[in-house]
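Here is a colleague's note to read beside the model. Please keep the sequence and the 3D view open as you go through the points.

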Amino acid sequence: MVEELVAAGVTLASAGVVYAMAAARVVKQYERGVVFRLGRLRDEVRGPGFTMIVPFVDRLQKVNMQVVTMPVPAQEGITRDNVTVRVDAVVYFKVTGPAEAVVRVEDYRFAVAQMAQTSLRSIIGKSELDDLLSNREKLNQGLELMIDSPAVEWGVTIDRVEIKDVSLPETMKRSMARQAEADRERRARVINADAELQASKKLAEAAQQMADTPAALQLRLLQTVTAVAAEKNSTLVLPFPVELLRFLEKAQQAVPGVQQPVQQPVQQPVQQPVQQQLPAAEPPVDSGSEGSNSGQG
């Protein structure tokens, strides 16, 4: 009798251990457990830790609640200004409704990937090339809104969407490079012209000041000579300004008792025209008189 009771107890204990092992489940911290009892969804979502289910009756499906990084393959499209581009992006999303992510969509990862590709093609067709290159923040927000609208019903929330790269044709790259080069050259010419204008104004003011004081021009010349003479690898040719001659002439006139030499005009001899004596012309011969004389004879 006792042996039978011991055997029954051992059998019950073994069955309890097997039942416990079949019913025990462990849900990780970043997961949530969705329980189906006889194929029907239970309202309770199991949290992280140790949990028990009914073996052969309940089925526990774990859902990852971490942020998922999904790259979107490069999509080729034509922008609104008729430029062919290839754009790739990356989507960050996470599951906020585990039950909806399991029940309402077959594979929420695949669904989000397809929706991201479709939305990316749509955003390319609605945008211009300049927006894709310089105004990506606005396009990212529009793309996030387009993906997030249907994903909310699947229990998925789009965290953010980023456009990674925009590939352009080589001809378009060369055209943009020429445009940027022309714009840089235009700005350089404008800056150079503005500098020339400012320099001309300053030079005009300096020339006016030096015209009032001629000695300033000589001092400026000496400063230039000093600056050039510091470099001993060149030959210096010093011009002699006319203003200095005028300055010295005025200084000499201002000294009393100095008589200026008087320059007398030089008289040049007058050349008389030479008259040539021509021989006297012979009187003309009268042919009629000669004929009459010969007749008479």
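1. A second pair is Arg37, which stands opposite Arg40 in S3. Helices (H or I, at least four residues) and strands (E, at least two) are DSSP runs, numbered from the N terminus.

2. A word on the source. This is a predicted model: local features need pLDDT of at least 70, side-chain atom pairs count only at pLDDT 80 or more, and totals for chains, interfaces and linings use all residues. Residues are numbered from 1 along each chain as its sequence is written, and side-chain values use heavy atoms, with hydrogens and water left out.

3. Back to the hairpin. Strand S2 (residues 31-37) pairs with S3 in the antiparallel sense, over four bridges. Two strands pair if DSSP finds at least two bridges between them. Two residues sit between S2 and S3 in this hairpin, and Leu38 in the turn has a positive phi of about 55°.

4. The order is S3-S2-S5, with antiparallel pairing. Strand S3 (40-46) and strand S5 (58-64) are the edges, and each pairs on one side only. On average, neighbouring strands here are turned by 30° against each other, direction ignored.

5. Another open sheet of three strands runs in the order S6-S7-S8, again with antiparallel pairing. Its edge strands are S6 (68-78) and S8 (156-167), each pairing on one side only. Strand S7 (residues 84-95) and S8 pair in the antiparallel sense over 10 bridges. Val87 stands opposite Val166 in S8.

6. What lies across these strands? H3 lies across S6, S7 and S8, and runs at about 35° to S6. H5 lies across S7 and S8, at about 140° to S8. Axes are lines fitted to C-alpha atoms, for helices over the stretch in contact, and angles run from 0 to 180 degrees between N-to-C directions.

7. How do H3 and H5 cross? The axes of helix H3 (residues 108-126) and helix H5 (residues 136-151) come within 9 Å and cross at roughly 140°. That makes H3 oblique to H5. Angles under 35 degrees count as roughly parallel, over 145 as roughly antiparallel, 65 to 115 as roughly perpendicular and the rest as oblique. The crossing of H3 and H5 is right-handed; the term applies if the near helix is turned clockwise from the far one by less than a right angle.

8. Which residues of H3 and H5 meet? From H3 come Met115, Ala116, Ser119, Leu120, Ser122 and Ile123; from H5 come Leu139, Leu143, Met146, Ile147 and Pro150. By class, the contact of H3 with H5 has nine nonpolar, two polar and no charged residues. Contact means heavy atoms within 4.5 Å. Ala, Val, Leu, Ile, Met, Phe, Trp, Tyr, Cys and Pro count as nonpolar, Asp, Glu, Lys and Arg as charged, and the others, Gly among them, as polar.

9. Now H6 and H7. The axes of helix H6 (residues 170-212) and helix H7 (residues 214-229) come within 4 Å and cross at roughly 115°. Met210, Ala211 and Asp212 in H6 meet Pro214, Ala216, Leu217 and Arg220 in H7. The residues of this contact divide into five nonpolar, no polar and two charged.

10. Last, the salt bridges. The structure holds eight, each a side-chain nitrogen of Lys or Arg within 4 Å of a carboxyl oxygen of Asp or Glu. One of them joins the side chains of Asp183 and Arg186 (2.8 Å, N to O). Both residues lie in helix H6, three residues apart, about one turn of the helix.
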